[in-house]
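Subject: Structure for your review

Dear colleague,

Please find below the structure that I am handing over to you. My findings follow it.

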Amino acid sequence: MVGLGASAGGLEAFEQFFSSMPPDCGIAFVLVPHLDPTHASMMSDLLKRYTTMKVIEVKDKMRVEPDRIYVIPPNKDLSIREGILHLSAPQEPHGLRMPIDYFFRSLAEDCGERAICIILSGNGTDGTMGLRAIHGAGGMSMVQEVSTAKYDGMPRSAISTGLSDYVLPVQKMPTQLDSYIRHTFLKKAVKIPSGTEKTPETIQKILAIIKNKTGHDFSFYKKSTINRRIERRMNLHDIEDPSTYARYLQEHPDEVKMLFKELLIVVTSFFRDPEAFEVLKKKILPKYLEGKPESYTVRIWVPGCATGEEVYSLAIILRECMEEMKREFKVQIFGTDIDEDAINTARAGVYPSNISIDVDAERLRRFFVKQENSYRIKKDIRETAIFSIQNVVKDPPFTKMDIISCRNLLIYLENELQNKLLPVFQYSLKQDGILFLGTSETIGGFVNLFAVIDKKWKIFKCKESTPSTCMIPLQEPSRMFAPVLHRGEERIARTEDVNIDELAHRALLEKFAPPCAIINDQGNILYIHGRTGKYLEPAHGKPNLNILEMAREGIQLELRSAIHTVVTRKKDVIYEGLQVKINGSYQTINLSVKQVNGLKDKPGLLMVVFEDVVQTKKGAKKKGILAQKYDKHALKLEQELKYTKESLRATVEELQASNEELKSTNEELQSSNEELQSTNEELETSKEELQSVNEELITVNSELQSKIDQLSRTENDMRNLLDSVKMGIIFLDNNLHVKRFTMAATRVFNLISSDVGRPISHIVSNLEYDNLIADAQEVLDKLVLKEIEVRTKDKKWFLVRIVPYRTMENVIEGVVITFTDINQVKQAEEELNKLNIAIQTARKFAEGIVETIREPLIVLDADLRVMSANKSFFNTFKVRKDETEGRLIFELGNHQWDIPDLRRLLGEILVKNNYFENFKVCHEFPAIGRRKMLLNARKIAHEGVGTQMILLAIEDITNHRQAENSS
């Protein structure tokens with residue numbers, strides 16, 4: 001079964017496709033274009049001109065049959081179950097509907113590997129999610145080449161997934177489709193041995209090629225899955241031998257990547273199995289989070305996260321759950337996968353607009369930002385997710401997890417590997433942590449590790465670890481470190497050999513190096529060496545690692561000034577003898593700020609060094625003497641310092657006031673920005689709706705344009721037909737105004753082109769017929785046919801025929817008057833009348849002659865029945881007219897004329913002879929006695945008609961014989 005999806009420009013693509021598609025292909029085609037929900041579709045009628053296959057508009061519960069084309073009706077969603085098409089009312093508002101995705105998904109579920117989807121011209125992204133579903137089910141997909149599409153949005157979106165099997169111009173699709181079906185289904189399809197304990201050598205070679213190219217080993221994947229996916233790639237390339245395909249992989253590195261993608265089976269969506277997520281949100285998460293403190297961090301791991309939909313789904317329901325509980329927790333969700341492209345997609349957090357099928361409008365509004373043909377995850381949800389490339393089979397796992405969601409990954413792995421992964425998950429989870437599996441997965445025999453929470457949706461609780469249930473690492477212990485993360489998210493922990501020089505260097509630093517901190521030019525701390533607690537302390541409020549905020553009393557101003565001097569003047573600064581307040585006492589320190597060079601990727605770093613000053617007794621005594629000497633000078637300095645501090649305090653207060661005003665302004669701007677963002681989202685929604693309506697209008701316009709072309713051709717055909725028959729025809733509307741006429745009608749009425757729209761009564765007629773208008777009105781009123789023969793003033797005859805004008809909807813919209821030239825018929829009738837009169841005259845003349853002859857005469861037809869006889873015949877043989885005419889001659893007078901010789905002679909006349917003469921007959925007649933007769937007969941043919949008659953003359957010679965004998 002083949003599903004075809006298109007939007008704007010789709011009608012032209014459909015026409016090109018079916019013009020090249022053979023009608024007896026054995027395929028059922030289901031067409032899902034974007035149609036105007038308020039307009040009746042002409043798609044079925046238009047496509048009938050390009051194929052001999054039966055084109056049908058779908059009706060609910062219609063069973064699919066091969067060699068037929070099914071077209072979705074307007075304002076309906078279409079799905080298929082067990083080979084039967086089902087129609088339903090759209091759930092989404094107009095402009096957000098994805099009918100192609102809706103049907104393709106049901107096609108994937110119903111047909112599996114026998115499902116085929118084709119995406120043609122159109123705007124937007126409809127069809128992309130459906131293509132993913134069909135690829136995941138093992139079906140085949142085709143996409144129109146972007147350069148040949150009238151509108152390239154849908155083809156471009158489908159191609160960007162990297163899952164399309166063929167990208168072709170429309171004209172080449174039927175040939176490739178036929179080849180694929182013949183090779184995959186009609187021929188003996190490629191089958192790789194499965195079910196054996198040892199994987200065939202060729203398959204091992206193919207897996208080795210994948211491992212060498214990608215670094216990933218699929219040996220522990222289920223053999224049936226591997227074989228089926230390899231078979232599919234072989235069928236796509238018309239390769240029948242696995243060893244040939246192995247060579248093809250070695251010669252085509254891109255095919256290795258495609259096979260790698262094929263084996264990953266990326267089938268995911270937002271909130272897959274919505275009921276399961278609802279159970280997690282309503283029943284399980286509230287109970288799990290109920291006793292957790294406010295500062296608690298919820299940690300979740302999603303191995304095999306693909307493109308990240310499940311990660312964000314968990315983040316959304318966790319956010320909704322916290323809002324319902326009116327509590328706030330920090331959330332960290334780790335999404336891992338071996339597919340780098342999928343991880344990059346997840347990190348971007350941008351998804352096609354057809355996710356509206358899986359995400360309701362409220363969640364789209366709250367957690368996504370609408371963009372052109374896509375949605376972007378909002379920042380607060382995106383910041384909860386960390387994505388990394390990780391192979392769950394061989395890389396170290398995450399630990400101390402609250403939830404592990406591993407759905408539809410284990411079903412693709414052999415039992416041996418499943419039995420190793422489940423203890424890993426138990427090791428990674430905290431006690432009472434949640435394991436969320438797919439509906440087709442199970443914990444197997446590990447009931448000692450997990451307890452069932454929800455049996456239907458496969459949600460389990462981690463039991464307390466015991467020595468007997470400790471996890472057995474998948475790799476050697478040296479590899480059990482945190483997984484590698486991306487850039488800022490990535491942390492690499494590995495064992496390294498430490499030499500003696502490095503060990504000595506570390507010991508000297510710890511013993512003699514003063515405490516210090518490495519900061520950037522903004523004062524943010526990047527690294528701390530030694531104990532800096534005497535000089536720095538955490539600031540009040542949210543955690544902050546800015547050194548200026550953490551500096552203790554006594555060094556804040558000097559530290560700020562020193563950092564500013566080093567950054568602006570590129571000169572090291574040292575402050576000596578600073579008094580730092582520590583727990584109510586003061587410590588004298590030297591503060592140094594220096595530049596740190598040598599890091600190309602991080603220029604502009606600074607080192608802040610804190611060095612305590614140790615005072616000796618001698619120094620203290622000297623200080624006492626000097627103190628007396630400088631008391632007066634110190635008092636002056638203290639007064640100046642006090643004034644400076646007061647001035648600085650006033651300046652700081654002014655700055656704080658200005659800062660508060662700026663904050664207030666910033667809040668107003670943020671509020672305005674949120675309003676503008678909301679307005680922008682509404683405009684984006686309106687734009688999307690308008691775009692959808694525009695696509696539907698383009699489809700309707702294409703249908704109407706095609707219909708107009710068809711009507712134009714029909715009108716041309718009709719005009720040529722009317723001109724060729726040379727019949728005068730006038731079309732009148734209900735008011736008997738001229739709508740149209742043929743040139744032949746100008747012989748009867750003096751019509752010109754400008755007379756269209758004028759009453760027929762205003763047009764001068766050449767007919768000697770004054771009741772035409774009245775007859776036309778009578779036909780219009782009574783809806784009856786009227787025919788009249790009329791003559792023109794130049795003595796020409798016409799048959800006037802007046803009939804009602806009926807539309808296709810059986811509505812009367814006027815009358816049609818036809819004028820058929822019958823002048824020649826009339827002349828023929830006149831000549832025929834003259835001929836009939838002459839014939840009648842000749843006949844009467846002949847009958848008069850026959851009646852005056854004394855001998856009996858009789859006229860026979862070809863069947864030898866009496867047509868007529870003269871009076872002499874009736875008188876001579878004593879018979880009546882009613883007993884004679886119409887009867888066989890041999891039946892007259894009780895068969896008295898049944899004479900064998902006469903029967904023979906009459907038969908010969910009809911067959912070969914035209915006459916006989918002087919045939920003597922002696923016969924006994926009951927009424928007149930024995931008579932001797934002399935018979936003469938002649939065949940008479942009616943010219944032009946072919947009717948044969950026989951004239952039989954009878955001469956009674958009985959008396960002649962008697963006279964001869966007496967004489």
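Please note that this is a predicted model.

I begin with two loop residues. D273 lies in the loop that links α10 (253-264) to α11 (274-289). Its phi is near 60°, which is a positive value in a residue other than glycine. Because its relative accessibility is 25%, D273 counts as partly exposed. A306 belongs to the loop between β11 (297-303) and α12 (309-325), and its phi, near 55°, is likewise positive in a residue other than glycine. A306 has a relative accessible area of 8%; since buried means under 20%, A306 is buried.

The next element is helix α4 (residues 128-136), which is mostly covered, with eight of its nine residues buried. Among them are M129, L131, R132 and H135. G138 follows α4 and has a positive phi, near 90°.

Lastly, I would draw your attention to strand β17 (residues 401-406). Six of its six residues are buried, so β17 is largely enclosed by the rest of the structure. Which strands does β17 pair with? It pairs with β11 in the parallel sense over two bridges, where I300 has I403 of β17 as its bridge partner. Strand β18 (residues 429-437) also runs parallel to β17 and is joined to it by five bridges; here S405 stands opposite F436 of β18. Between β17 and β18 the chain passes through helix α16 (residues 415-428), and this β-α-β crossover is right-handed.

Yours sincerely

Definitions and conventions:
Residues are numbered from 1 along each chain as its sequence is written. This is a predicted model: local features need pLDDT of at least 70, side-chain atom pairs count only at pLDDT 80 or more; totals for chains, interfaces and linings use all residues. Side-chain values use heavy atoms; hydrogens and water are left out. Helices (H or I, at least four residues) and strands (E, at least two) are DSSP runs, numbered from the N terminus. Buried means under 20% relative accessible area, exposed over 50%, partly exposed in between (1.4 Å probe, protein chains only). Two strands pair if DSSP finds at least two bridges between them. A crossover is right-handed if, with the strands pointing away from the viewer, the path from the first strand over the helix to the second runs clockwise.
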